Amino acid sequence: MKKLNWILLKLYAFWVFLVFTVFMILLLPGIIIPFMLGEKFGWLGGKFLWLWSWIFSMLTFIRYDFYGQKNFRKGQSYIYVSNHTSFLDIPGLWMIIPGEKKPLAKKELLKIPVFGWIAKSAAVIVDRSSAESRKKSMDKLKRILSRGTSILLFAEGTQNRSKELLQPFKDGAFRIAIDTQQPILPMVVVGAGPLMPPGTIRMKPGRVKVIVGPEIPTKGLTTNDQAALKQKTFEAMKQLIVENK
């Protein structure tokens with residue numbers, strides 16, 4: 001029985017890789033070209049990314065259950081702050097977040113065939129080892145917010161490989177939130193890690209929850225409030241995880 005399970009999981013992993021690659025290549029022009037044409041056409045590239053995420057979910061039998069959509073305020077741009085447990089977080093987050101958005105992505109994603117081209121066009125890339133790169137990326141995210149486009153950041157900075165519900169948060173999202181006075185919308189992904197553990201290509205089908213919490217206002221906050229804002233967001237996201245495990 002163990003050998004049969006091993007064979008089935010290997011076949012499933014191959015199928016997931018096939019779906020991931022084939023549909024990403026097929027949809028690649030629709031994703032990349034609009035972003036290359038400029039900001040006016042970015043929404044179209046986002047639609048193709050949504051379509052790829054939906055196809056990936058349907059054909060791999062990884063289903064996403066969405067909760068808390070009532071917390072989206074129509075016409076409001078947000079700083080979306082999410083946990084990060086697996087590559088499988090990304091399709092779910094992309095499908096639930098409405099409107100135009102730009103994620104912050106690490107430069108290592110550029111090394112992934114095909115997906116790296118998409119990351120380069122659709123996301124703001126940062127080299128975490130370079131202070132200058134981090135500053136340029138943060139300045140670019142501020143400009144994006146000023147144009148009414150939302151941004152998405154993983155508060156922990158990387159995938160959570162620990163046994164803790166959340167790793168300590170980085171400062172970037174909260175510094176941007178205070179500088180731009182834009183509200184934070186906390187989000188959590190629950191269940192993706194067990195289906196595809198961080199740093200591995202092992203996968204199995206199942207269900208993933210994506211939960212949106214109430215927005216956290218930043219109007220009137222100053223740099224002196226940054227630590228408190230980060231802690232408030234951490235506690236809100238931790239509570240969402242506990243309630244939905």
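Which residues of H8 are buried? The buried residues of H8 are Gln226, Leu229, Thr233, Phe234, Met237, Leu240, Ile241 and Asn244, where buried means under 20% relative accessible area, exposed over 50% and partly exposed in between, with a 1.4 Å probe and protein chains only. This is a predicted model, in which local features need pLDDT of at least 70 and side-chain atom pairs count only at pLDDT 80 or more, while totals for chains, interfaces and linings use all residues. Residues are numbered from 1 along each chain as its sequence is written, and side-chain values use heavy atoms, with hydrogens and water left out. Helices (H or I, at least four residues) and strands (E, at least two) are DSSP runs, numbered from the N terminus.

**The sheet**

- Seven strands form an open sheet with mixed pairing, in the order E1-E7-E6-E2-E5-E3-E4; two strands pair if DSSP finds at least two bridges between them.
- E1 and strand E4 (124-126) stand at the edges with a single partner strand each, so one side of each is left without a neighbour in the sheet.
- From one strand to the next, the twist averages 25 degrees; axes are lines fitted to C-alpha atoms, for helices over the stretch in contact, and angles run from 0 to 180 degrees between N-to-C directions.
- Strands of a sheet pair through backbone hydrogen bonds, either parallel or antiparallel.
- E2 and E6 run parallel and are joined by four bridges; Ser82 has Met187 in E6 as its bridge partner.
- Helix H6 packs on the sheet, where H6 touches E2, E5 and E6, and its direction makes about 160 degrees with that of E2.
- E2 and E5 also run parallel, joined by four bridges; the bridge partner of Val81 in E5 is Leu153.

**Strand E2 and Tyr80**

- In a regular strand the side chains alternate between the two faces of the sheet.
- Ile79 and Val81 point one way from E2, Tyr80 and Ser82 point the other way, and all are buried.
- Tyr80 lies in strand E2 and is buried, with a relative accessible area of 1%.
- In E6, Leu185 stands opposite Tyr80.
- Leaving out residues up to four places away in sequence, Tyr80 touches Phe72, Ile97, Pro98, Ser150, Ile151, Leu152, Leu153, Leu185 and Met187; contact means heavy atoms within 4.5 Å.
- Tyr80 and Lys101 are 21 residues apart in sequence, and their C-alpha atoms are 9.1 Å apart in space.

**Helix H8**

- H8 (residues 226-244) has 19 residues and reaches 27 Å from its first C-alpha to its last, close to the 27 Å expected at 1.5 Å a residue; the expected span is 1.5 Å times one less than the number of residues.
- The buried residues of H8, among them Leu229, Phe234 and Ile241, cover an arc of only 135 degrees around the axis, which puts them on the same side of H8; the arc is that of the directions from the helix axis to the C-beta atoms.
- An α-helix has 3.6 residues a turn, so residues three or four places apart point the same way.
- Ala227, Ala228 and Glu243 are exposed, on the face of H8 turned away from its buried side.
- Strand E2 (79-82), helix H6 (172-180), strand E6 (184-190) and strand E7 (206-212) are included in what covers the buried residues of H8.

**Salt bridges**

- The structure holds four salt bridges, each a side-chain nitrogen of Lys or Arg within 4 Å of a carboxyl oxygen of Asp or Glu.
- One of them joins the side chains of Glu215 and Arg73 (2.9 Å, N to O).
- Glu215 lies in the loop between E7 and H8 and Arg73 in the loop between strand E1 (62-67) and E2, so this pair ties together parts that are 142 residues apart in sequence.
- Glu215 is partly exposed at 26% relative accessibility, and Arg73 is partly exposed at 42%.
- Another salt bridge joins the side chains of Lys142 and Asp179 (2.8 Å, N to O).
- Lys142 is in helix H5 (residues 131-146) and Asp179 in helix H6, 37 residues apart.
- The side chains of Lys230 and Asp171 also meet in a salt bridge (2.6 Å, N to O).
- Lys230 belongs to helix H8 and Asp171 to the loop between strand E5 (150-154) and H6, 59 residues apart.
- Lys230 is partly exposed, with a relative accessible area of 22%, and Asp171 is partly exposed, with 34%.
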